[in-house]
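Please examine the sequence and the model shown below.

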Amino acid sequence: MPVLVYSLLRLAVLAGCAVVLALVGFRGWLLALVAVLLAAPVAYLVLAGPRTAAAAYLAERAGRRGDGQPLDDDAEDAEADHVRGPAALEDEADGEQHAVGELEEPGVAQHHDEVAAPGAAEDHPRQAPHPGREQ
């Protein structure tokens, strides 16, 4: 109910701004545009109490739907694993083991600052040196 009251009060502020602007001489689409632009800050300043009541009402309703607490990462993973099934878990584990094996391959430089192991340069084509870097 507080949300309905707040909405009706916002519409009343808009209508009031439109009436005042019409009396000043605004007409047509310019009247509507200026009324909307003027009503927003006026409603923000004047309707602080009803806005707070509406927000509290909505927060209370959201709290009744659930506890509002997000699941932690482990709980989310367990829920996702339950939905996907055990076959997907085995495929994922195999992929992770393969990726770890690639990272641990000897002689492969992981960063541009690292030096490859001796003999690795023979297996891979030589890259052009960086400009300004000594060999």
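In this predicted model, helix 1 buries Tyr6, Val13, Cys17 and Leu21. These buried residues of helix 1 pack against helix 2 and helix 3 (48–65). Helix 1 itself comprises 23 residues and spans 33 Å from its first C-alpha to its last. That span is close to the 33 Å expected at 1.5 Å a residue. Just after helix 1, Gly25 adopts a positive phi of about 130°.

Which residues make up the largest nonpolar core? This core has 7 residues in all: Tyr6, Val13, Cys17, Ala39, Ala43, Leu47 and Ala54. Two elements, helix 1 and helix 2 (28–46), each give two or more residues to the core. Helix 1 gives the most, with 3 residues. In soluble globular proteins, nonpolar side chains tend to be buried together.

Cys17 deserves a separate look. Cys17 belongs to the largest nonpolar core and is among the buried residues of helix 1. When neighbours within four places in sequence are left aside, Cys17 is in contact with Ala35, Leu38 and Ala39.

Met1, Leu4, Val5, Leu8, Leu9 and Leu11 form a nonpolar surface patch of about 580 Å². Is Met1 buried or exposed? Met1 counts as exposed because its relative accessibility is 63%, and the cut-off for that class is over 50%.

The remaining topic is the pairing of charged side chains. How many salt bridges does a search of the whole structure find? The search finds 1 salt bridge. The side chains of Arg64 and Glu60 meet in a salt bridge, with an N to O distance of 3.1 Å. Arg64 and Glu60 lie 4 residues apart in helix 3, so about one helical turn separates them. The two partners can also be described by their accessibility. Arg64 has 57% relative accessibility and therefore counts as exposed. Glu60, at 44% relative accessibility, therefore counts as partly exposed.

Terms used. Residues are numbered from 1 along each chain as its sequence is written. This is a predicted model: local features need pLDDT of at least 70, side-chain atom pairs count only at pLDDT 80 or more; totals for chains, interfaces and linings use all residues. Side-chain values use heavy atoms; hydrogens and water are left out. Patches are made of residues with over 30% relative accessible area and no salt bridge: like charges are joined within 9 Å, nonpolar side chains (Val, Leu, Ile, Met, Phe, Trp, Tyr) within 5 Å. Accessible areas come from the Shrake-Rupley method with a 1.4 Å probe; for residues, only the protein chains shown count as cover. A salt bridge is a side-chain nitrogen of Lys or Arg within 4 Å of a carboxyl oxygen of Asp or Glu. Buried means under 20% relative accessible area, exposed over 50%, partly exposed in between (1.4 Å probe, protein chains only). A nonpolar core is a set of buried Ala, Val, Leu, Ile, Met, Phe, Trp, Tyr and Cys residues joined through side-chain atoms within 4.5 Å. Contact means heavy atoms within 4.5 Å. The expected span of a helix is 1.5 Å times one less than its number of residues.
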